[in-house]
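Please look over the sequence and the model before reading on.

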Amino acid sequence: MVGLSDAFTLLHPAFAVVFVLPLIGLVVNLAWQTRQRRLQIAAIGKSKIPPVGSEHQRLGRWLTGAVVGLALIGLSHDPVNSILTDRLWSKQPFYVLFYILLFPATIASLILLYQAKEKLWRGVFATLCGMGLVILGCQPAVFRRTDEWYVSHYYIGLVAAMLMIFSLAILPDIYKDRSNRWRIVHAVLNSIAVLLFVGQGLTGVRDLLETPLSWQTHYVEQLYQQNCKDKNCNIQVSPAPRQPAPAKKM
Ligand code: HEM
Ligand code: HEM
């Protein structure tokens with residue numbers, strides 16, 4: 001069995017693989033059928049595809065919550081580890097309190113977004129929820145890979161989460177708008193989201209490969225510090241045996 005610290009590292013990838021990725025598959029499949037049915041009815045007045053739009057909407061609402069939750073778990077990993085190992089609560093208690101409060105604030109904004117009916121409030125809560133994710137992502141301990149942003153699990157993940165929040169925010173507009181403008185905006189943006197999710201699968205497994213088990217962390221840090229990728233280096237695998245102290249002259 002893995003220890004508590006390693007289980008925390010695996011929580012995010014496990015949730016992604018067991019719950020979120022299958023849900024994305026279901027939502028995309030229903031989206032395709034919804035669109036095909038609508039186009040067939042528009043062209044020939046009938047379709048053999050059953051009406052699955054409301055099922056797509058129901059699972060889509062779940063997907064927004066699942067992706068935001070997944071991003072929150074991923075974003076918490078490095079900062080929580082840093083707070084625990086550096087004992088930050090005794091050095092910077094207000095920072096730790098502010099950091100912890102950001103989680104319920106972001107989740108509350110999402111819950112209120114689910115319930116909001118008016119355009120104004122949907123906009124407000126979607127913005128607050130997105131801001132919560134961005135502020136959590138700006139914490140110094142979060143690994144962002146900014147120099148290679150185009151293959152960064154962090155940036156791709158945040159954009160994908162924002163697109164899901166946006167889908168939830170415009171949901172009533174998709175139905176209200178007879179010109180199908182919002183429907184098309186939704187379909188285009190979420191086709192991009194599908195590509196981003198594929199990117200998350202690829203960058204996520206890469207990042208998992210680069211994440212050491214907790215007992216290995218100390219040695220792997222030395223590999224990076226000594227730049228062992230490019231030059232020969234010497235890693236101290238176990239604590240050096242203590243030299244016997246020289247006998248004191250009387
Ligand atoms: C990977 C994610 C998603 C993709 C690829 C996707 C794609 C689509 C597509 C192609 C359509 C049909 C557009 C048309 O009729 O031309 C659609 C409809 C719709 N989507 Fe999504 N969508 C996704 C996620 C979501 C989410 C997260 C929500 C809600 C939070 C949502 C809510 C809706 C609604 C309400 C409709 C209209 C359904 C109907 O006609 O009854 N979708 N989506
Ligand atoms: C919907 C798909 C996903 C989203 C939206 C997502 C989002 C995120 C976010 C926002 C972070 C924090 C930033 C970072 O540390 O890079 C993160 C971290 C991470 N994710 Fe994902 N992720 C997804 C899927 C996956 C998958 C499929 C895997 C692996 C199988 C994975 C593995 C990881 C790992 C290893 C970390 C790093 C944790 C650490 O900092 O040590 N993710 N993810």
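The text below describes the surroundings of the ligands and then some backbone angles.

The model is a predicted one. Around ligand 1 there are 27 residues, of which Ala-31, Gly-53, Gln-57, Gly-60 and Asn-190 come nearest. H1, H2, H6 and H7 each contribute at least two residues to this shell, and H2 gives the most, with eight residues.

Ligand 2 has 28 residues around it, and Pro-13, Gly-74, Gly-157, Gln-200 and Gly-204 come nearest. At least two residues of the shell around ligand 2 are supplied by each of helix H1 (4-44), helix H2 (53-85), helix H6 (153-176) and helix H7 (181-210).

The table sets out the residue classes of the shells.

| Shell | Nonpolar | Polar | Charged |
|---|---|---|---|
| Ligand 1 | twelve residues | eleven residues | four residues |

Most residues other than glycine have a negative phi. Arg-87 lies in the loop between H2 and helix H3 (88-91), and it counts as exposed because it has 10 C-beta neighbours inside 10 Å, where 12 or fewer is the cut-off.

The loop between helix H5 (119-137) and H6 holds Arg-145. With 15 other C-beta atoms within 10 Å, Arg-145 is partly exposed.

Notes. Residues are numbered from 1 along each chain as its sequence is written. Chains are lettered from A and ligands numbered from 1 in the order in which they are written. This is a predicted model: local features need pLDDT of at least 70, side-chain atom pairs count only at pLDDT 80 or more; totals for chains, interfaces and linings use all residues. A residue is near a molecule or strand if its C-beta atom, placed from the backbone, lies within 6 Å of it. Helices (H or I, at least four residues) and strands (E, at least two) are DSSP runs, numbered from the N terminus. A residue is buried if 20 or more other C-beta atoms lie within 10 Å of its own, exposed if 12 or fewer, and partly exposed in between; C-beta atoms are placed from the backbone. Ala, Val, Leu, Ile, Met, Phe, Trp, Tyr, Cys and Pro count as nonpolar, Asp, Glu, Lys and Arg as charged, and the others, Gly among them, as polar.
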